[in-house]
Amino acid sequence: MEKIKVLIADDQELILESLHIVLSMEPDLEIVGLARNGEEALKGCEQFLPDIVLMDINMPVMDGVAATALIKEQMPATKIIMLTSYKEVEYVLAALSHGAEGYLLKALHPRDLAAGIRVVQAGGTLISQEMASKMIQTINNAAPAKSNEFGLTAREMEVLHKLASGLRNQDIAESLYLSEGTVKNYISTIYSKLNVKGRREAARKARDSGMLDHS
């Protein structure tokens, strides 16, 4: 039987070690690497080519959402399950928008965690009904009232709204539960889609095109 290669990324040593121990006991799982931040997770994926990454969300150096975006960009076949210790919709939504296969709460029983890994390896996704309805709600709330001719995602529209109201990157990051690095990535994508060079120009273009009228 070919084992499922798993890489675990978590900045808390205790969680990292306990996940390593309990998942190693599963006959069909092989833990190929441990990472303590998003950067290490990215390097680990390049080195070990895991099938599945268990990715913590809040980590130093690079958070799990930013790491997910980079891993999915460079190694789209790698499947990523976000690990979260609380039901933070925003983080999970951001990770899913980058291609993560789903999320699991850290409080889950190891058996359920292993079962989740198998589901994803088999091509499934892990999103609870509760999360799915919150996602639809969040997407509906973030959807622009007028057509969005520049192809901005709901998340990019949220960032654009904050940016247009004069918030700094740090404030945008805090209000949307993102890392500053992730916000910078969103902003550069927004600039590129709007074909502008700075905040003022982006805000002006968004207003002129009617995207910000309802805010």
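Salt bridges in a predicted model

Q: Is E39 buried, partly exposed or exposed?
A: The classes are buried (under 20% relative accessible area), exposed (over 50%) and partly exposed in between, with a 1.4 Å probe and protein chains only. E39 has a relative accessibility of 35%, so this residue counts as partly exposed. This is a predicted model, in which local features need pLDDT of at least 70 and side-chain atom pairs count only at pLDDT 80 or more, while totals for chains, interfaces and linings use all residues. Residues are numbered from 1 along each chain as its sequence is written, and side-chain values use heavy atoms, without hydrogens and water; the class of E39 is partly exposed.

Q: With which residue does E39 form a salt bridge?
A: A salt bridge requires a side-chain nitrogen of Lys or Arg within 4 Å of a carboxyl oxygen of Asp or Glu. Helices (H or I, at least four residues) and strands (E, at least two) are DSSP runs, numbered from the N terminus. Helix α2 (residues 38–48) holds both E39 and K43, 4 residues apart, about one turn of the helix. With the closest N and O atoms 4.0 Å apart, the partner of E39 is K43.

Q: How many residues apart in sequence are the parts tied together by D28 and R118?
A: The closest N and O atoms of the D28–R118 salt bridge are 2.6 Å apart. D28 lies in the loop between α1 (13–24) and β2 (29–35) and R118 in helix α5 (residues 110–121), so the separation in sequence is 90 residues.

Q: How many salt bridges does the whole structure have?
A: E101 and K72 form one, at 3.0 Å from N to O. A search of the whole structure gives a total of 8.
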